[in-house]
Amino acid sequence: MKYAEWNQLFIRGEWKEGKSSNKYVNQNPYSKEVLAEIRLANKQDMDDAYASARDAQRAWAKVSATEKTAVIERAIAILEGKREELVPLMVREQGCTVLKANVEIGIATGFMREAATYPGRIHDEELSSITAGKENHLYCLPVGVVGVIAPWNFPLHLAMRSVVAAIATGNAVVLKPDLQTYISGGCVIAKVFEEAGLPSGVLNLVVSDLAEVGDYFIEHPIPRMISFTGSTAAGRHIASVTGKHLKKTALELGGNNAFIVLEDADLDQAVAAAMFGKFMHQGQICMAVNRFVVDRKVYGAFVERLTDKASQLAVGNPEDPNTVIGPLINRNQVDKILRVIGESVALGARIVLAGSVEDNLMAPTIVVDVKNDMPIAQSELFGPVAAIIPVDSEEEAIQVANASDYGLSGAVFSGSLERGEAVAQQIHTGMIHVNDQSVNDEPHIAFGGEKGSGLGRFNGKWSIEEFTTIKWISVQREPRHYPFS
């Protein structure tokens with residue numbers, strides 16, 4: 001795939017150059033190779049994109065459920081057919097491993113298959129009335145135009161999750177991917193739907209710099225809904241703006257996910273799960289394990305086994321299929337993590353596995369004797385660093401896990417499934433997994449967080465609810481008698 005061709009916006013069914021005077025250079029985070037250069041979108045481009053979506057949405061909403069499904073199914077086949085060329089693109093743009101790129105394509109197509117069922121699952125209702133002669137009709141309607149803001153860590157999947165759900169439920173979309181991954185999180189999606197025959201204007205793509213356009217994308221008067229996946233800080237700001245404008249908002253935000261290991265846990269299984277839940281995609285996943293909360297009775301054995309396994313992970317060029325740990329997305333991420341580790345060590349934490357750092361590459365690092373109020377336990381690390389907290393009881397483990405502003409995912413390991421689920425019930429998260437790690441996502445299961453981890457739920461019937469609105473129309477079939485009339 002020729003990356004240099006990915007240098008345009010997609011508006012009203014046409015690929016066109018942005019109108020901004022600024023450009024963005026898309027670079028491989030590992031090699032610094034320039035993949036493409038794009039002239040960015042300005043506010044006029046956003047006006048054009050949103051107007052295009054508005055103009056196309058009414059007709060798209062009237063398209064039959066069968067044809068909507070057919071478009072999505074064609075898009076699935078096209079995306080799957082591009083796997084060979086997409087994997088190296090994603091590896092070079094994201095700095096992800098070959099394994100992660102393949103996993104992400106599989107997840108994205110899985111979510112598209114689920115969304116292909118949505119058009120046939122949207123049903124209107126008739127309900128009885130307390131008023132004689134009245135009929136109540138409840139219509140499930142598209143929101144209208146949806147603005148989608150996608151992150152850089154799983155750009156194809158997390159952009160597609162909202163884009164395909166919005167399209168399947170009769171909306172039109174303007175997609176704004178993260179600059180660092182605008183190809184796999186934006187251009188690829190637009191191209192796939194273009195080839196699938198999605199009507200012109202139903203999906204539009206803008207690539208912009210926040211420094212230039214500010215809040216214009218979310219303040220714009222046309223979109224009635226903003227779907228955002230990203231950091232909690234950015235999500236809070238977006239919620240404040242959309243709240244001011246009374247727009248519907250779906251937010252999937254950060255996590256500080258706890259992985260609880262009780263004293264009766266199978267340590268081999270716990271360590272195997274911990275390795276994936278912590279180090280998949282260098283820990284750059286909102287659901288990744290951030291804190292290991294381990295009963296002191298098995299603390300030493302768990303630390304020893306995890307350290308041994310982590311020290312063996314292959315670190316380096318993500319294009320090598322044997323690599324497990326590739327680069328972080330940028331140097332700022334590396335520096336932030338190093339600062340947090342240093343601050344925590346100064347407060348008494350100890351490093352038992354000191355991963356080397358070279359440019360954006362950071363090898364697995366394990367920090368022990370962590371206390372829950374240390375920076376390393378209160379920050380979403382988004383890197384290959386395991387913070388391990390000792391506790392003296394199940395009750396303390398629950399208290400530590402809940403002492404966080406976040407509430408996205410989590411895990412509990414116990415030799416008793418009943419005990420594990422009883423503990424899981426007490427953790428304040430939107431999702432939690434017993435005898436499994438914290439990185440789980442299924443197309444038909446409710447996905448979302450509590451507290452600072454977001455608002456709303458994605459996937460399955462919950463996505464249908466998020467991307468639609470209910471309209472009540474009553475019909476008075478016989479004269480009604482009113483007071484004082």
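Angles under 35 degrees count as roughly parallel, over 145 as roughly antiparallel, 65 to 115 as roughly perpendicular and the rest as oblique. The model is predicted: local features need pLDDT of at least 70 and side-chain atom pairs pLDDT 80 or more, whereas totals for chains, interfaces and linings use all residues. Residues are numbered from 1 along each chain as its sequence is written, and side-chain values use heavy atoms, without hydrogens and water.

Helices are DSSP runs (H or I, at least four residues) numbered from the N terminus. The axes of helix 11 and helix 12, lines fitted to C-alpha atoms over the stretch in contact, with angles from 0 to 180 degrees between N-to-C directions, cross at roughly 50° and come within 10 Å. Helix 11 and helix 12 are therefore oblique to each other. Contact means heavy atoms within 4.5 Å; residues making it are tabulated.

| Helix | Range | Contact residues |
|---|---|---|
| Helix 11 | residues 267–279 | Leu267, Asp268, Ala270, Val271, Ala274, Met275, Phe279 |
| Helix 12 | residues 296–310 | Val298, Ala301, Phe302, Arg305, Leu306, Lys309, Ala310 |

A nonpolar core is a set of buried (under 20% relative accessible area) Ala, Val, Leu, Ile, Met, Phe, Trp, Tyr and Cys residues joined through side-chain atoms within 4.5 Å. The largest has 96 residues, and Leu175 and Phe193 have the most contacts inside it. Helix 6 (residues 155–168) gives the most to this core, 10 residues.

Arginine 331 belongs to helix 13 (residues 331–346). Beyond four places in sequence, arginine 331 contacts Leu338, Val357, Asp359 and Asn360.

Conventions. Helices (H or I, at least four residues) and strands (E, at least two) are DSSP runs, numbered from the N terminus. Buried means under 20% relative accessible area, exposed over 50%, partly exposed in between (1.4 Å probe, protein chains only).
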